[in-house]
Amino acid sequence: MIKRLIALAFAAAATLCSSVALAAGGGPLLDSQVNINDKSSLQRGAALFMSYCAGCHSLGYQRYSRTAKDLGLSEEQVMSYLNFTGAKFGEHMKASMDPADGAVWFGKAPPDLSLVARAKPGGPNWTYTFLKSFYVDETRPAGWNNTVLAGASMPNVLWGLQGIQRPTYGEHGEIAGFELAPAGSQTPEEFDRTIRDITAFLTYVGEPAALKREAYGVWVILFLAVFTFLAWLLKTEYWRDVH
Ligand code: HEC
């Protein structure tokens, strides 16, 4: 009976997990393998984001100064390599483009990405898979479509690195896979690292306190271990008289 209950609980958990992963609609999400404790990944991600994405997308809750502090960069480094809008060091990382213009140019204003890595089903995996899932589609205004966000109005800004994905179709006319033609300036492995770094940066931006919280966690566990040991010593001390 208990075994059966346990099996049932596992089955329920598995269904729940797979439905979360599939919720995006375009098939299973890929594992982004982001590591927000990898400072160089975050630094590369920040640089990539500011070059390729910040023209259109704001990080409205994130300040340049906070980014500098958390990523171990100096004010000079941030102001010369990450800030292209002339914003002040203490200001938020706003897109160079006015959202109203974006709405006119792309049919939809590019959304603020401060929280995107937390807000989507599947968390960071959604953003990672989205960045890898652009393909040419002549029927779309910008010439691009995306299997994770069907009809996306964002053009594939990373195509020069990734190459151009062309869909291959299965028996029922569904997209079965992609072929790269022409290839991009990066190998598929290098491109995976590129989008992993961007996703890691957006994951950090979604919850900057996570960096600190995880560091505190170690101390909390250590404290609990020491405290448990002391409590145990005290207990043996008291019980010695009782016996
Ligand atoms: C040329 C302007 C432009 C650039 C550059 C751009 N995007 Fe976008 N992006 C858009 C638009 C427009 C949308 C809205 C798409 C839609 O919902 O149809 C979008 C949507 C998104 C979304 C989905 C957000 C949501 O809430 O649905 C993500 C994630 C995203 N972009 C990430 C990026 C990243 C990362 C980069 C840099 C590698 C980037 N974008 C570069 C225009 C842009």
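I will go through the iron site and then the salt bridges of this predicted model.

Start with the metal. Which protein atoms are donors to the iron atom of the ligand? They are NE2 of H57 and SD of M154, at 2.0 to 2.1 Å from the iron. There are 6 donor atoms around the iron, and the angles they subtend run from 87 to 179°, which makes the arrangement octahedral. H57 sits in the loop between α2 and β1, and M154 in the loop between β4 and α8, so the two residues tie together parts that are 97 residues apart in sequence. As for accessibility, H57 is buried at 10% relative accessible area, while M154 is partly exposed at 22%.

Next, the salt bridges. The structure has 7 of them.

D197 and R44 meet through their side chains, with N to O at 2.6 Å. D197 belongs to helix α9, residues 188-206, and R44 to helix α2, so this pair links parts 153 residues apart in sequence. D197 is buried at 2% relative accessibility; R44 is partly exposed at 29%.

R213 pairs with E207, and their closest N and O atoms are 2.5 Å apart. R213 is partly exposed at 44%, and E207 is partly exposed at 27%.

E237 is partly exposed at 41%, and R240 is exposed at 55%.

Finally, back to R44 and D197: through salt bridges with shared partners, they form one network with R193.

How values were computed: Residues are numbered from 1 along each chain as its sequence is written. This is a predicted model: local features need pLDDT of at least 70, side-chain atom pairs count only at pLDDT 80 or more; totals for chains, interfaces and linings use all residues. Side-chain values use heavy atoms; hydrogens and water are left out. Donors are N, O and S atoms within 2.8 Å of the metal (3.2 Å for Na, K and Ca); water is not among the atoms, so sites may look incomplete. Four donors count as tetrahedral if all angles lie between 85 and 135 degrees; four count as square planar and six as octahedral if opposite donors are over 155 degrees apart and all others between 65 and 115; anything else is irregular. Helices (H or I, at least four residues) and strands (E, at least two) are DSSP runs, numbered from the N terminus. Buried means under 20% relative accessible area, exposed over 50%, partly exposed in between (1.4 Å probe, protein chains only). A salt bridge is a side-chain nitrogen of Lys or Arg within 4 Å of a carboxyl oxygen of Asp or Glu.
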